[in-house]
Amino acid sequence: MNELRTTLYETIVPGGGHTSFVLKRGQLLRLTDLEGGGNASVLLFNAAEKSERLNLPDSLKCQHTVKLTAGHCLYSDMGRVLAAITADSCGWHDSLGGVLNAAEVQEKYGQGRYQELRNGFFRNGADNLLVEMGKWDMRLQDLLMCLNLFSRVDVDADGCFRFATGNSRAGDYVELYAPMDTLVVLTALQHPMDPNPQYAPKPIGLTWQQVASDGISVLCRTSRPENGRGFHNTERLFI
């Protein structure tokens with residue numbers, strides 16, 4: 001369905017960078033892998049009540065999938081839709097891999113201290129997310145499993161995880177529609193299972209758009225009966 005959109009703002013999160021913001025109800029966020037092989041680790045919260053946050057196990061379970069793509073919803077632990085994936089040129093986004101901490105980054109990539117590298121020092125996903133969460137009065141106990149956009153992890157017959165290289169190409173994008181005010185916390189760092197032995201995070205483009213109606217969410221509302229109920233549960237907040 002074609003929807004009238006107004007672009008509100010655009011920016012780039014540099015490789016290794018992090019940011020956070022409230023995606024307001026009715027807005028659409030497009031994330032773009034600018035160079036290919038990028039990864040954006042994302043957390044979502046109810047902006048009005050941050051104890052309500054992204055629940056990936058429930059998001060996968062209620063939609064009977066581990067392959068998150070267009071038509072799927074990202075649920076809170078209260079059964080509300082924090083964001084809906086309304087468009088996706090990549091086709092698969094990882095909900096299993098999480099992020100690395102400082103010790104794991106050093107073990108994987110070696111020493112990368114600020115003293116020698118200045119702003120090019122090696123960052124890690126756990127600390128980057130915590131820095132942003134601290135701006136919203138959240139702490140370590142609020143750091144839960146994140147969604148890794150643009151990355152794919154397969155599970156083989158033996159239950160082992162396999163990172164799929166080349167999942168995202170330059171220009172691939174994913175769009176998240178917010179049916180409620182949603183706090184987005186993200187960092188642009190390599191996926192923990194990325195086999196590249198060099199620390200080389202890629203930039204991610206962000207574009208905010210206002211859509212004329214919630215018709216853009218029809219695919220997500222109708223892809224599963226559970227999603228229709230999830231949107232209904234969300235809309236009750238605004239009665």
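Helices are DSSP runs of H or I with at least four residues, strands are runs of E with at least two, and both are numbered from the N terminus. By that count, α1 is followed by histidine 64, whose phi is positive, near 55 degrees. This is a predicted model: local features need pLDDT of at least 70, side-chain atom pairs count only at pLDDT 80 or more, and totals for chains, interfaces and linings use all residues. Residues are numbered from 1 along each chain as its sequence is written, and side-chain values use heavy atoms, leaving out hydrogens and water.

**Domain record**

- UniProt, in an unreviewed entry, places the feature "domain: DUF1989" at residues 12-183. Its positions follow the numbering used here, feature names are shortened, and annotations may be inferred rather than shown by experiment.
- Residues 12-183 are 17% helix and 28% strand. The end C-alpha atoms of this stretch are 18 Å apart.

**Helix α1**

- Leu56, Ser59, Leu60, Cys62 and Gln63 are the buried residues of α1. Buried means under 20% relative accessible area, exposed over 50%, and partly exposed in between (1.4 Å probe, protein chains only).
- These buried residues pack against β5, β7 and α6 (225-235).
- Asparagine 55 caps the N-terminal end of α1, with a side-chain oxygen 2.9 Å from the backbone nitrogen of aspartate 58.

**Histidine 72**

- Histidine 72 sits in the loop between α1 (56-63) and β5. Histidine 72 counts as buried because its relative accessibility is 13%.
- Its side chain reaches two backbone atoms: the oxygen of lysine 67 at 3.3 Å, and the nitrogen of threonine 69 at 3.0 Å. Such polar contacts are pairs of N or O atoms within 3.5 Å; within protein, one must be able to donate a hydrogen and the other to accept it, and residues adjacent in sequence count only if both atoms are side-chain atoms.
- Beyond four places in sequence, histidine 72 is in contact (heavy atoms within 4.5 Å) with Gln63, Thr65, Lys67, Ala84, Ile85 and Cys220.

**Arginine 80**

- Arginine 80 lies in the loop between β5 (73-75) and β6 (81-88). Its relative accessibility is 14%, so arginine 80 counts as buried.
- The side chains of arginine 80 and glutamate 52 form a polar contact of 3.0 Å.

**Arginine 139**

- Arginine 139 belongs to the loop between α4 (125-134) and β7 (147-149). Arginine 139 is partly exposed, at 47% relative accessible area.
- A polar contact of 3.3 Å links the side chains of arginine 139 and aspartate 137.
- Setting aside neighbours within four places in sequence, arginine 139 is in contact with Leu130 and Met133.

**Cores**

- The largest nonpolar core has 30 residues. Leu31, Leu44, Leu74, Leu149, Leu186 and Leu206 touch the most other members. A nonpolar core is a set of buried Ala, Val, Leu, Ile, Met, Phe, Trp, Tyr and Cys residues joined through side-chain atoms within 4.5 Å.
- Another core, of eight residues, lies apart from the largest one, and Leu43, Phe45, Met138 and Val185 are among its members.
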